[in-house]
Structures are given as C-alpha cells and as structure tokens.
Amino acid sequence: MSALDQMPAPGRPAMARALAGLMPRAEAVLIPAGALLAGFAIFSLFLGALGKSPAEFFGLVWKAGFSSAFSWQNTLSRVGPLALAALCVALPARLGLVVIGGEGAIVLGGLAAAVTGTVLAGLPGYPAMLLMAVAAMILGGLWIGAIGALRIRRGVNETIASLLMAYIAIALFNHFVEGPFRDPASLNKPSTAPLAETLRVGDMPFIATHWGVVAAALACLLCWVLIDRTTLGFAARIAGDNVRAAQVQGLPVARLVIGFTALGGAFAGLAGFYEVAAVHGSANASLIAGYGYTGILVAFLARHNPLAILPVAILLGGFEASSGLVQRRMDLPDATILVFEGIVFVIILLSEALYGRLRIFTPGYWEHR
Amino acid sequence: MTTFGKLNRRHFLGTSAAALGAAALGGLARPAMAAGDLTVGFIYVGPKDDFGYNQAHAEGAAAVKEMAGVTVLEEENVPESQDVQNTMESMINFDGAGLLFPTSFGYFNPHILELAPKYADVRFEHCGGLWAEGNPTNAGSYFGYIGMGQYLNGIAAGHATKSKKIGFVAAKPIPQVLNNINSFLLGARAVDPEITCQVIFTGEWSLAVKEAEATNALADQGCDVITCHVDGPKVVCETAVARGAYVCGYHADQSPLAGDMYLTGAEWNWAGVYTDMVTKFMAGEAVPNFLRGGLADGFIKMSPLGPAVSDAGRAQFEAVKGEIMAGGFAAIKGPLKDNAGNVIAADGEAFVETDVALESMDYLVEGVLGSTS
C-alpha cells in the first residue's frame, strides 16, 4: 500500500474528512451517551408499566438535581465521597483488579481522622487537619493496599477479599467507636469525641457544600495525569492489559499493583476524613452510609477513566438527590432511583461490547463513502 | 411628554433580564402556602412498613394526614448522613414544609443543629430527647418512657413462661436498650423471682440475619418468651413463633405476625403526640422544646392482650398498669444488684421512669444473663 492510497481522494467533501478524523474519538463519548439514553428509554417503559409518567420523573430528576442553586448544593454534596470512592475502584481496575471494598477504607479513614483529631486537639487548625487527612489516607491506603498485596503475594481473589475486608473494617470500626475510642458522653449513640470547631472543614464560599468536592476534583485530575501522562501510569496500563507481557518487559508488576490499590484506598480514606471533618464532626455508625458501594457504579460508568469520574459522579449525585422528591411527588418507593441506576448500569456494561464493532466509528467508513 | 410607557430597548432588555433572573431564582423561593395551611414532613431512617420503629412513626404521620389544612410529606430509608440534611432542605425548598419530624436518633447532631439556624421560620421536632438549653429554639425533641411498657411485657411473659427462661434480642448496649432489658426481666420477676432473661446483642439496629440467629440461639437455650429492641421486630417475631416461643412486641403492634403467640407489646403512640403538636403549632401556641411522656401521658400504649395470657396474668397486668398510670411507679428499686453483684439501689431507694439517673444506665440487673461489653 503506498502512501498515496491513504490520502483522501481529491475532491472528497471536507465534511467526510473531518468526520473520518472525529468519529473514532467520538466513540468514547457517543457510546456511553447512547447507552445512557437507552437506559432512560427502558426505565421509561418500566415507569409506563407502573402507570407513572416518565416525563414527570425526568422533570423531577432535573428539578431536584440540577435546576437551582439548592439542587446543585444537594447534588454536589454527594459528589465528593462518590468520586473519591470511585477512584478506589478505578485505580486498581486499570491494573485489571476489581476492588469493591472501598466502604471499608472510608469508615476506617473516618475513624483515623476522628482519633487523630482528638489527639491533636491542641494544635492549630490547618496543620492538625492536614495530619488528620494524612492519617485517614494512610489507614485507607494500608487497608486496600493489603488487598493488592494479598493478590500478588498469595493469589487471593481481590474482589472477594475486598468485600470481606469491608465487613471486617466495619466490625473493627464499630468495636473502636463503641469501645476504646468512645466518648463517654455519647450515651445512646456511641461516637468518638466531637472534633474541636477549629478542626472542622467548612463550606465553600459560594455554595453550602464542603470542600470535599474540590479535593475530589483535584484527586481525579491527579489520577488522570498519573495514568495517562506518566511512565508509571503507562506501565500500569500495560500490566492491566497483559500482565505476562508486562512481566516479560521487566515491569515491577507487584509494586504497581500494591501501589495503585494503596493509592485508591488512600482516596477512599480521604472521603472518610471529609465525612468526619465536614459532615459528622465525630466518627459513629452514621459513617457507614454506602458511598463505597455507589462509588463502584460511578467507576464502572466512567469506564475507570479518572476524568470521566467527576461528571459521572455529578450525574449520579443528581439522580440520588432526586430520590426524595420522586418518592414524595410520584408516590413511588425509594428504591425507584436504585432500579433506575441499576438499569443504566446494566446497559452501560452491555455497551462495552460495542467498542470497535460499530463501523461508523472507523475512519474507513467515512473515507470510502 | 414623558417617556413613561414608551418601550425603550435598553429598558426592555434590562427588565426582561431581571425577570429571567427572578424566574431562575424562583426555584429557590419557597412555594407560597395558603394562610393557615401547613406542610409537615416526616423522615424515616428505614422502611415505613417495618413493623417497628419507623412504622410507629408512619402511623403517627397517617393520623396527621387526616387533619384539615395539613399536607403530609414522607420520605423513608434516609441515612443519618448528609442525606438527611438534603432531604430536610428539599422538603423546605421544594414543598414549603413548615414543620419537620426527622424521626431517627442520629438526625439531631449534627444535622438538625446545622439546619435549624439556617431556616429560622421552620420548626424541627426530633424524636429522641436530645434537645438541650443552648440548642436552636426552633428545634425541639420529644420522647417517651417506654421502659414501663417493657415492664408490662415482662409481667405477661412471666405468666406465660414454663421454662422460667425468657429472651431478649437487643441491638446495642446503650442506656435506652439496657433500661428495656432490665425492665422486661424485673416485670417477669414480679411474677416469679426465679425467672432469668438471656440477652443477645446483635450490634446493629437493623441486621435481619443476626436477629434471626440470635432468636434461634435463645430458643435453643430454652427461652419460651422472646422480645426485642431492634428497629424492625419482624424477623425476631416470625423466627420466635416458628420456634414455638411466645412473643412480646416492641415499637409497633406485631400481632399480625405472631398471631396467637403474641402476648402483648410496648408500642409508641405517636398519633396522639403528633396531632397534638401539629394542632398547637397551627394555632400558634408554643410547643415545648423538650417534651417527654409515658403511658399516662399517652406517649406509649400496650397492644391488646393476646389469647395466651392467663386470667391471673391479665389481672396482674391490669393492676400494675393501673399503678403506672397513677404515677410514681418505679421498676428499678432497692434492694437491687446488677448481674456482676454491684449494688444498684439500696433498700428503700427507687428510680421512677423520669429519673435522669436512668438515662446513663450501664448495667444489666441480676437475673439478666449477658454482658454489656
């Protein structure tokens, strides 16, 4: 084949040439978007079968999640923990590991932050907060990093291990909150001692949502740079695509796996820090709120791309924000939003099979018209 | 001639921009309510048909729904996280709620404490008795002394048990729960001082698998009357009945689940409390920030006695109930030791249900088999 054959024929419309260049890139956006719309359509059928109006449903989702400053506050308040929990799934996933136990790292991170905050009560605010966040990230990192180590050193299935370790984490959390670290004044709701006001993370200036969203956005950006713009990330992607090839190339697969799982766990731990320092003010059972599990959904919908995690977390945050209004206005059970998310999740997973199969996304399709 | 009325392009653009802005902000403005009308929001931590804690509140909400000029909003399965703040704000902003009943214990601190100052014209009524001087005045708390209900449960249990062993499935070893366990055993011992009560803590407010395991374990040990303090007693009831044990209910009426095996039950009576509070609120009267009551005040009630309760049991039950209604009755009274042998109450010493010393209870009385840690 000579270079001439690959040149577009003279006189071919500029439009086709542009599309030939654009469509392969558009695949990554159009397939998930199409899948999302298909999910909406199927859920509409479901609502129709129940005798409810899909238009009213989507109207309420819009109203509660995205229509006003309050809606955005409601949505964004969920984005921080969701995006950070999603990173705990996405980072190991780039190495081919399915880790679903982020919840454990979140609660332990929260516990570490609360205990550190109590110990450091005498320190000025910012250094103490920094240390609390670091403690949360270290404990979260150790917890999920251990799952990576078990995988590498002992061949333990990381999915099962992470799930079971999450149960262990929650049991440990309850033990410490109700035992050694319990504030004696917390009679009917065992909690750690309340944090001093100086150690509380406040709201952002323009919206009543705490700084966790910004931290999550920065974390996503950082992970994207790490994965897409560094040799370390490149090595991780190779190991994720073909672990044998990576080993043959002499890549440090073991260290990559442990490092990436630990980093993911550290971000989940950071989510725990924000839950304690910005929302609850102490560690107690309210911390076990299931963000770690919704984070799995976010990571899969974002196809483990850290940059996509943020918009997906906003979308899901908006869906969840609308749960209450849908319950109250349409007289639907609270599980409605879960059914909705479930349908969208399944369709998005199914759409994975379409990548590379649809000819309209190949340059050839447009060049030979 | 003035320019008044003349359509000036700049002026037109200015006003339409302002109108658009106002429309956009419209989402923020509270929906206007007809004078005298009130929107009341109820928030539950679990499903409102759990045969337990949340159902008891939902029954109260249903009574409020019947009142004229009141719109009731309900939301179930709201975690004690940022979620409940979002739900409260959503009810206020989107539905114009003027009175909120966030019913779970963990909703108060920090969630209600954070929102109440922000919405000074909305009233937050929290179930759990946590409000203290210095907290926002548009917030309040209410709770009932349900320990007496468990004492009456104990009397019914004491008459029904043949093995002299009764069982208690408990969530967490916190003062409220310990008070219920102790009251249940002391009620049974008022019938027969040889009765013992085995307690098993599940560690969670709602954990069906462990609740079933605990109930089975109690039945295995020969307990033939079982009660509980978990959010939803459904699993405990059904498992106990399947094992041939009698059931004393808690939170709500579980007789539909237990049938003839249901002796009685200690129920919340939120319908009366809620309609009362809403009436006062609508009339503009002051609602106390700290409201508490027991059996005599209509805060709690007992399920009707089941067919398995003997005549002697019925008579003692009614007699003690009468004493409680009259006031001054104490379940915890001397001479009394805890199950580690420490003296709880000396001879002649008594703690009535309103005694604040009971609010920091950290012991199980003699006769209760189990430990708080």
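A word on conventions before we start. Residues are numbered from 1 along each chain as its sequence is written, and chains are lettered from A and ligands numbered from 1 in the order in which they are written. As the model is predicted, local features need pLDDT of at least 70 and side-chain atom pairs count only at pLDDT 80 or more, while totals for chains, interfaces and linings use all residues.

Let's begin with confidence. The predictor gives the complex an ipTM of 0.81 and a pTM of 0.84. For chain B the mean pLDDT is 89, with 90% of its residues at 70 or more; pLDDT is the predictor's confidence in each residue, from 0 to 100. Please keep an eye on residues 1-29 of chain B, where the pLDDT is below 50 and the stretch has eight contacts beyond near neighbours in sequence. A contact here means two residues whose C-beta atoms, placed from the backbone, lie within 7 Å. Where pLDDT is low, the predicted coordinates should not be read in detail.

Now to chain A. Its secondary structure comes to 16 helices and zero strands; helices (H or I, at least four residues) and strands (E, at least two) are DSSP runs, numbered from the N terminus. Chain A is as compact as a globular protein of its length, because its radius of gyration is 23 Å, close to the 21 Å that the globule rule gives for 369 residues. That radius is taken over C-alpha atoms, and the rule is 2.2 Å times the number of residues to the power 0.38. Of those residues, 47% count as buried, that is, with 20 or more other C-beta atoms within 10 Å of their own, against 12 or fewer for exposed and partly exposed in between, with C-beta atoms placed from the backbone.

Where do the chains meet?

Nine residues from domain 1 and ten residues from domain 2 of chain B make the contact.

Chain B also has an open, mixed sheet of seven strands in the order 12-10-9-8-6-7-17, where strands pair if DSSP finds at least two bridges between them. Strand 12 (300-302) and strand 17 (368-369) of chain B are at the edges with a single partner strand each, so one side of each has no neighbour in the sheet.

Have a look at strand 7 (residues 196-201) of chain B, which runs parallel to strand 17 and is joined to it by two bridges, with B:Cys197 opposite B:Val368. Strand 6 (residues 165-170) of chain B is also parallel to strand 7, through six bridges, and B:Gly167 stands opposite B:Gln198. Five of the six residues of strand 7 of chain B are buried, so it is largely enclosed by the rest of the structure.

Last stop: strand 4 (residues 123-127) of chain B, with five of its five residues buried. B:Arg123, B:Glu125 and B:Cys127 are on one side, B:Phe124 and B:His126 on the other. Strand 3 (residues 99-102) of chain B runs parallel to strand 4, with two bridges, and B:Leu100 is opposite B:Phe124.
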